Amino acid sequence: MLTGSIVTSLQGEPRSTHDLDVIVAIRSEHVPALLAAFPRPRYYVDGESIREAMQSGGMFNVLDVPEGDKVDFWMLHDDAFDRSRFQRRYAEQAFGIQLMVPSPEDTILAKLRWARAAGSSDRHIRDALGVYQVQRARLDPAYLDDWAARLGVADLLARIRDQAGEGGA
């Protein structure tokens, strides 16, 4: 499932980015095929970093050496929110291809969670606000409120609602 600034640009206000973020659920038997899909010397990916990401629940990346582009592969966590947003993903047509992306609500919540982890990062707040403003008519407020409370970001959700002119409603 695609995530990060590409998705916030699709669902909200476009902004430039230097990488692509993808959430994956992989097992050790997938590692050889993944390495074969990104052959050297064009790409750089380290098999050990994949295995470490699988064990830690972290991330690994693939670099396109000649172009300098980077894809960050984030492990799908076995927590209720990640399971929910992965289950709610949908297909979006963009760039002439079909992409699997999280729902706008889940994009907002994930950005707010990242903002909290980064000390209320303005960039993540702006991304969440952009998605909120563009998608407002389609959003499920009960889902947002429930998960914002469960994730400990209800105050940040109230902040973006206030910035969107809703007075924290």
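This is a predicted model: local features need pLDDT of at least 70, side-chain atom pairs count only at pLDDT 80 or more; totals for chains, interfaces and linings use all residues.
Reader: Why is the contact between D64 and R42 called a salt bridge?

Author: The closest N and O atoms of D64 and R42 are 2.7 Å apart, and a salt bridge asks for a side-chain nitrogen of Lys or Arg within 4 Å of a carboxyl oxygen of Asp or Glu. The pair of an Arg and an Asp at 2.7 Å meets that condition, so the name applies. D64 lies in strand β4 (residues 59–64), while R42 lies in the loop between α2 (31–37) and β3 (43–44), so the pair ties together parts that are 22 residues apart in sequence.

Reader: Is D64 buried or exposed, and how do you know?

Author: D64 has a relative accessibility of 10%, and buried means under 20%, so D64 counts as buried.

Reader: What makes R88 and D106 a salt bridge, and where do the two residues lie?

Author: Their side chains meet at 2.9 Å, N to O, and the limit for a salt bridge is within 4 Å, so R88 and D106 qualify. R88 is in the loop between α4 (80–87) and β6 (90–94) and D106 is in helix α5 (residues 104–117), so this bridge ties together parts that are 18 residues apart in sequence. As for accessibility, R88 at 29% counts as partly exposed, whereas D106 at 0% counts as buried.

Reader: How many salt bridges does the structure hold, and which residues are linked in a network?

Author: The structure holds 14 salt bridges, among them the one in which the side chains of R27 and E29 meet at 2.7 Å, N to O. A network of salt bridges links D79, D82, R85 and R113.

Reader: What makes R88 a charge over the ring of Y143?

Author: R88 lies over the face of Y143, at 3.7 Å from the ring centre, and the distance part of the criterion is within 6 Å. In a further case, the charged end of R89 sits over the ring of F86, 4.0 Å from its centre.

Reader: Why is the aromatic pair of W74 and W114 called edge-to-face?

Author: The structure holds six aromatic pairs. In the pair of W74 and W114, the rings are 5.4 Å apart centre to centre, with 70° between the planes; rings pair if their centres lie within 6.5 Å, and planes over 60 degrees apart count as edge-to-face. W74, with a relative accessible area of 27%, is partly exposed, and W114, with 44%, is partly exposed.

Reader: What makes the pair of F81 and W147 tilted?

Author: For F81 and W147 the centres are 5.4 Å apart and the angle between the planes is 55°; stacked needs under 30 degrees and edge-to-face over 60, the rest being tilted, so 55° gives a tilted pair. This pair links distant parts of the chain, with F81 in helix α4 and W147 in helix α7 (residues 141–151), 66 residues apart. Both F81 and W147 are buried. Elsewhere, ring pairs link F38, Y43, F60 and F73 into a cluster.

Reader: How do you know whether α5 and α7 are roughly parallel or antiparallel?

Author: The axes of α5 and α7 come within 10 Å and cross at roughly 25°. Angles under 35 degrees count as roughly parallel, so α5 is roughly parallel to α7. The crossing of the two helices is right-handed.

Reader: Why is F95 called exposed, and what is its phi?

Author: F95 has a relative accessible area of 66%, and exposed means over 50%, so F95 is exposed. F95 is found in the loop between β6 and β7 (97–101), and its phi is positive, about 60°, although F95 is not a glycine. Most residues other than glycine have a negative phi, and most peptide bonds are trans.

Reader: Which residues does a cis peptide bond join?

Author: A cis peptide bond joins R40 and P41, with omega about 10°, and P41 is placed in the loop between α2 and β3.

Definitions and conventions: Residues are numbered from 1 along each chain as its sequence is written. Side-chain values use heavy atoms; hydrogens and water are left out. Helices (H or I, at least four residues) and strands (E, at least two) are DSSP runs, numbered from the N terminus. Buried means under 20% relative accessible area, exposed over 50%, partly exposed in between (1.4 Å probe, protein chains only). A charge sits over a ring if NZ of Lys or CZ of Arg is within 6 Å of the ring centre and within 35 degrees of the ring normal. Axes are lines fitted to C-alpha atoms, for helices over the stretch in contact, and angles run from 0 to 180 degrees between N-to-C directions. Angles under 35 degrees count as roughly parallel, over 145 as roughly antiparallel, 65 to 115 as roughly perpendicular and the rest as oblique. A crossing is left-handed if the near helix is turned anticlockwise from the far one by less than a right angle, and right-handed if clockwise.
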